[in-house]
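Open the model in your viewer and keep the sequence at hand. The tour moves from one selection to the next.

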Amino acid sequence: MKNMISRRNFLAAAGVVAAAGVLTACGGSSSTAASAAGSTAAAASGDTIKVGVMGPLSGNVSVYGQAVVNGATLYLKQVNANGGINGKQIEILTEDEQGDATQAVNCFTKMVDEGMTALIGDVTTTPTLAVAAESADYNMPMVTASATAEAVTYDAETDTVNANVFRATFTDPFQGIKMADYAYQKLGYNKAAVIFKKGADYNEGLAENFVNEFESLGGTIVDQESYSEGDVDFKTQLTTILGKDPETVFCPNYYEEVGQILSQAESVGLTVPFLGGDGWDGLEGYATNDQLKDTYFCANYAKGSNPEFEDAYKAEYGQEYPNGFAPLGYDAAKTVVYGLQAAEDAGLEAGTDDYKQAVIDAIASGTIDGITGTFTFDEHHDPVKQTAILTYVDGKPVLKEMF
């Protein structure tokens, strides 16, 4: 049986004691909204269910935060427009944590004080770890759309599940293993190199698991190169890789750095295909068609696979959805509403311990018919789903296959 983690142990495991313990004013804007007509009256009479939606709406990773918050808000508004949950409207509490772990904890605490019953968030790994640690004391149902580090839901060293936390995306280990399997089994590569940013959970997590899986299958890792935060010149590492003669290079980094790496790889004559994880989402425009030729990356969602969602997003926000984080935000919201529906059907009072536990129990045993796939949750509270393998055609990501 898996252990249930306490806040004290989670803080130690996640390494975020300072982030969770410092309380300053929450950054960014805070807003509440209920989309259907008459929502003000409903709120006044107590016939609302308050749901928090958190992400970096400003700062360096706002492209991800805005996508998650927009996707989640879209679904919650659709629920309201269809009558809410048993007639109750959802009141959306939105916070901008600016990509900062301390701000994220402050935003979480603020929403708790405002009566939040469940949280959709956070978005990137470090703030999510901080919020998950803080949320344990409240047993607050929490579904992150996109934080991929294994420790968000499960501490492997202590075999401990973070009981109130779920995610809609797959994990770093899952992505690294999946891309190693795809490289060896589907693409037929036997020699691979890796280049990644050191000191970052996401990058190191994917790299480590790719290496271990690729070697376990019989492949050879000919070189592993790393770089530091803020580096912009990767030619030394890429030249070293070139000298090791790999058939492919695994590059588990975020799209802006990937674009620079692909450009510099071309400049030093390293023209073998590159592979990546979901951090590549948004890469178009940062690399040329030639640099993207024969590249592959894994993602939760492939553009065009759900026109209804894509049309609704464009109608709501006046633009096409920006990246795969928006569909994940939508599915995270769908997961939260699935749990809320169970608690409301049971006639429990929102915000009580029994209510929150009912939400958690429903999600843990439920099946979510999401737009990134139909999925259940495993014993670590991670989704069980297929992966979209994408490649580039004319500089645009397209679905190659589900794998």
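Leaving aside its neighbours within four places in sequence, which residues is Pro 56 in contact with (heavy atoms within 4.5 Å)? Select Val 61, Ser 62, Gly 65, Gln 66, Asp 96, Glu 97, Gln 98, Gly 99, Asp 122 and Val 123.

A note on the model: it is predicted, local features need pLDDT of at least 70, side-chain atom pairs count only at pLDDT 80 or more, and totals for chains, interfaces and linings use all residues. Residues are numbered from 1 along each chain as its sequence is written, and side-chain values use heavy atoms, without hydrogens or water.

Stay on Pro 56. It sits in the loop between strand 3 (48-55) and helix 4; helices (H or I, at least four residues) and strands (E, at least two) are DSSP runs, numbered from the N terminus.

Next, select Leu 76. Beyond four places in sequence, Leu 76 is in contact with Val 51, Val 53, Ile 90, Ile 92, Ile 120, Ala 333 and Val 337.

Of its 71 residues, Leu 76, Ile 120, Phe 274, Phe 309 and Leu 340 touch the most other members. Colour helix 12 (residues 325-345): the largest share of this core, 10 residues, comes from there.

Last stop: Tyr 189, Leu 206, Cys 298 and Ile 389. They are among the 21 residues of a second, separate core.

Notes. Contact means heavy atoms within 4.5 Å. A nonpolar core is a set of buried Ala, Val, Leu, Ile, Met, Phe, Trp, Tyr and Cys residues joined through side-chain atoms within 4.5 Å. Buried means under 20% relative accessible area, exposed over 50%, partly exposed in between (1.4 Å probe, protein chains only).
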